[in-house]
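Me: Please walk me through the aromatic rings in this protein. Keep it brisk.

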Amino acid sequence: MVEAQLAEWLEEGYVPSFRTACLILGNRADAEEAVQEAFLRAWRFRDSLADVPSIRPWLYRVVVNSCYSKLRREIPHRDRRAGDEPLAHMAAADVGPESSAERGEVADTVLAALARLPLSLRVPVVLRYYADLSERDIARAIGRRQGTVKSRLHEARRRLAADPALSALAVFGGDADADADIDAGVGAVAGEEAGS
């Protein structure tokens, strides 16, 4: 039973896990390696899932821990790697050039603001708003108390609200369109990072 659930999640969860790893690590190649390593670990330790109340937060914990391990090992070598710029600006097939350009600008602004957050704040934001985990599930995934997650999300939202580039987006889009612009940016990032 648990093995079947895990196999199903591994099939369905690759894209969200990859997107999560991309947003944490900021590099597609590192994210690919981290997710592959996480999925191998998850499969190896599938027998321990009998005691786990919910598989999804447990698996995100494995993905996040794999990302942390990757950051510890790879930070000294990051400056010598080629960036993702050519991949990040590939046009989506279902949108026109103007729409794609706008979405790309918003997505780049949102990604840059996320990257400026310290890792301790970025991870809960990614898990909450990109992986759609509850605060309780985030607490399980990162091994912290729910109150800590709540305070980190609050601090991250405060910092993002004070970010000048994101504030400029809100002013540019007008009050009524600010959320739609940021949602479009989130959608564009999600689509690009998932490779769709």
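This is a predicted model: local features need pLDDT of at least 70, side-chain atom pairs count only at pLDDT 80 or more; totals for chains, interfaces and linings use all residues.

Me: Are the rings of Y14 and F18 stacked or edge-to-face?
Reply: Their centres are 6.2 Å apart. Planes under 30 degrees apart count as stacked. The planes of Y14 and F18 are at 5°, so the pair is stacked.

Me: Which helix holds both Y14 and F18?
Reply: The two residues are 4 residues apart, about one turn of the helix. That helix covers residues 2-25 and is α1.

Me: Is F18 buried or exposed?
Reply: Buried means under 20% relative accessible area. Y14, at 25%, is partly exposed. F18 has 7% relative accessibility, so F18 counts as buried.

Me: What kind of aromatic pair do Y14 and F39 form?
Reply: The centres of Y14 and F39 are 5.8 Å apart. Planes over 60 degrees apart count as edge-to-face. Here the angle is 85°, and the pair is edge-to-face.

Me: How many residues apart in sequence are the parts that Y14 and F39 tie together?
Reply: Y14 lies in helix α1, while F39 lies in helix α2, residues 28-44. F39 is buried, at 13% relative accessible area. The pair therefore ties together parts whose separation in sequence is 25 residues.

Me: Which residues form one aromatic cluster?
Reply: Y14 pairs with F18. Y14 also pairs with F39. The one cluster is formed by Y14, F18 and F39.

Me: Which residue lies over the face of Y129?
Reply: A charge over a ring must be within 6 Å of the ring centre. At 5.8 Å from the ring centre of Y129, the residue is R128.

Conventions:
Residues are numbered from 1 along each chain as its sequence is written. Side-chain values use heavy atoms; hydrogens and water are left out. Rings of Phe, Tyr and Trp (its six-membered ring) pair if their centres lie within 6.5 Å; planes under 30 degrees apart count as stacked, over 60 as edge-to-face and the rest as tilted. Buried means under 20% relative accessible area, exposed over 50%, partly exposed in between (1.4 Å probe, protein chains only). A charge sits over a ring if NZ of Lys or CZ of Arg is within 6 Å of the ring centre and within 35 degrees of the ring normal.
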